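Visitor: Please take me through one part of this model in close detail. I would like to look at a salt bridge and its surroundings.

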Amino acid sequence: QPLRPWRSPAWARMAHLGGMNGPKLADLNAALNRAKGKFDKWAHDRMDAVDALKQKHDAEMMKASAEMEQLKEKDQSLSDRVAELNSALQMENREAQKLLGELEQVKENSSSLPSKLEELKREVAAKNEKLSDQEKECKRNLE
């Protein structure tokens with residue numbers, strides 16, 4: 001049974017002093033109860049909306065957290081792959097430098113080959129001449 005404060009003696013005195021009678025006070029109380037009911041419904045609706053937003057936010061945060069974890073894993077994987085490729089490139093660069101050195105040496109040798117060939121031809125000619133001279137001397141000694 002709802003409380004009806006206007007039935008109390010204090011309310012009756014106030015109503016009598018203020019010129020209010022019971023039915024007017026009952027109308028005000030009914031209006032107040034309707035307004036309270038509307039406010040309670042509005043507040044309940046707002047709380048439901050806040051709860052729905054909070055649940056949506058929590059779900060989105062979980063999804064974002066999972067995506068962030070996947071991105072961290074992909075970043076680590078890419079970092080590892082970059083380090084691996086960098087190491088392979090450094091090794092290939094060392095091999096390329098070694099081959100370049102060998103190529104330079106071959107070029108140097110090939111450019112010096114004609115002069116060495118000429119030198120060897122002169123030495124062979126000199127030795128042939130010396131051998132020929134020795135042969136002639138041997139023949140003279142034999143005659």
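Guide: Start with Lys 41 and Asp 45. Their side chains meet in a salt bridge, with N to O at 3.1 Å. This is a predicted model, so that distance is computed. Why can these two pair? In general, side chains of opposite charge can pair when their charged atoms come close. Now look at the helix. Lys 41 and Asp 45 sit four residues apart in helix α2, so about one helical turn separates them.

Next, check how open each partner is. Lys 41 has 54% relative accessibility. The cut-off for exposed is over 50%, so Lys 41 counts as exposed. Asp 45 has 33% and counts as partly exposed.

Now set this pair beside others. The structure holds four salt bridges. One of them joins Asp 40 and Lys 36, at 3.5 Å from N to O. Asp 40 and Lys 36 are also four residues apart in helix α2, which covers residues 22-142. Again, about one helical turn lies between them. Asp 40 is partly exposed, at 38% relative accessible area.

Move along to Arg 81 and Glu 84. They form a salt bridge too, and their closest N and O atoms are 2.7 Å apart. Both residues lie in helix α2. Here the spacing is three residues, about one turn of the helix. Arg 81 is partly exposed, with a relative accessible area of 43%. Glu 84 is partly exposed as well, at 47%.

How values were computed: Residues numbered from 1 in each chain as written. Predicted model: local features only at pLDDT ≥ 70, side-chain atom pairs only at ≥ 80, totals over all residues. Heavy atoms only, no water. Helix = DSSP H or I, 4+ residues; strand = E, 2+ residues; numbered from the N terminus. Buried < 20%, exposed > 50% of the residue type's maximum accessible area, 1.4 Å probe, protein only.
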